[in-house]
Amino acid sequence: GMGVLQYQNTAEVRTQGIETSGSYALDEANTLQISYAYQDPRDLVRDERLRRRPLDSGTVRVIHNQDKWGGTIEATGIGTRRDFFGASRYKFAGYM
């Protein structure tokens, strides 16, 4: 089996990254919005990336507005994440 999971606090962490977003009016009633984020969360004591944190994420939205109603369709994607249990290291695939 994979063993027992145990949570630990990290004494010193630094997260750096960028976020960007934009929108484009497709027509009078519909707008396309796109956003992207990159992060590099690091454990400064161990000098390694934090576990279970994706490097990349992004969202695409189509927003529809009319006089009396509106709606949004949204898709979010999350990049790969790394983790380890004991001596075994794992890389979890991204998802949408």
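The side chains of R46 and D43 are joined by a salt bridge, with N and O 3.3 Å apart; the term denotes a side-chain nitrogen of Lys or Arg within 4 Å of a carboxyl oxygen of Asp or Glu. The two partners differ in accessibility, which is classed as buried under 20% relative accessible area, exposed over 50% and partly exposed in between (1.4 Å probe, protein chains only). R46 is partly exposed because its relative accessibility is 47%, whereas D43 is buried because its relative accessible area is 3%. The model is a predicted one, in which local features require pLDDT of at least 70 and side-chain atom pairs count only at pLDDT 80 or more, while totals for chains, interfaces and linings use all residues. Residues are numbered from 1 along each chain as its sequence is written, and side-chain values rest on heavy atoms, with hydrogens and water left out.

By the rule given above, the count of salt bridges comes to 4. Side chains of opposite charge can pair when their charged atoms come close. One of the pairs is E74 with R61, whose closest N and O atoms are 2.8 Å apart. This pair links distant parts of the chain, with E74 in strand β5 (residues 70-78) and R61 in strand β4, 13 residues apart. Strands here are DSSP runs of E with at least two residues, and helices are runs of H or I with at least four, numbered from the N terminus. E74, at a relative accessible area of 45%, is therefore partly exposed; R61, at 24%, is therefore partly exposed. D40, R42 and D47 belong to one network, joined by salt bridges that share partners. Within it, R42 pairs with D40, the closest N and O atoms lying 3.6 Å apart.

The chain contains 0 helices and 7 strands, and from the N terminus on its elements follow the order β-β-β-β-β-β-β. Pairing of two strands requires at least two bridges between them as found by DSSP. Strand β1 (residues 13-25) runs antiparallel to β2, with 13 bridges between the two. G22 has I34 in β2 as its bridge partner, and the two strands form a hairpin with 4 residues between them. Strand β2 also pairs with β4 in the antiparallel sense, over 9 bridges. In this pairing Q33 has R61 of β4 as its bridge partner, the arginine that also forms the salt bridge with E74. A further antiparallel pairing, of 2 bridges, joins β2 to strand β3 (residues 48-49).

T31 lies in strand β2 (residues 30-43) and is partly exposed because its relative accessibility is 25%. Contact is taken as heavy atoms within 4.5 Å. Not counting residues up to four places away in sequence, T31 touches S23, Y24, A25, L26, R61, V62 and I63. The C-alpha atoms of T31 and N65 are 8.6 Å apart in space, although the two residues are 34 apart in sequence.

Y24, L26, V62 and I73 form a nonpolar surface patch with about 420 Å² of accessible area together. Patches consist of residues with over 30% relative accessible area and no salt bridge, like charges being joined within 9 Å and nonpolar side chains (Val, Leu, Ile, Met, Phe, Trp, Tyr) within 5 Å. Accessible areas come from the Shrake-Rupley method with a 1.4 Å probe, and for residues only the protein chains shown count as cover. V62 lies in strand β4 (residues 56-65) and is partly exposed because its relative accessible area is 32%.

R81 lies in strand β6 (residues 81-85). A polar atom of the R81 side chain lies 3.3 Å from the backbone oxygen of A93. Leaving aside neighbours within four places in sequence, R81 is in contact with R52, R53, P54, Y90, K91, F92, A93 and Y95.

For the chain as a whole, 15% of the 96 residues count as buried. The accessible surface comes to about 7,600 Å², of which 49% belongs to carbon and sulfur atoms. Among contacts between residues at least 6 apart in sequence, 37% join residues at least 24 apart.

How values were computed
A polar contact is a pair of N or O atoms within 3.5 Å; within protein, one must be able to donate a hydrogen and the other to accept it, and residues adjacent in sequence count only if both atoms are side-chain atoms.
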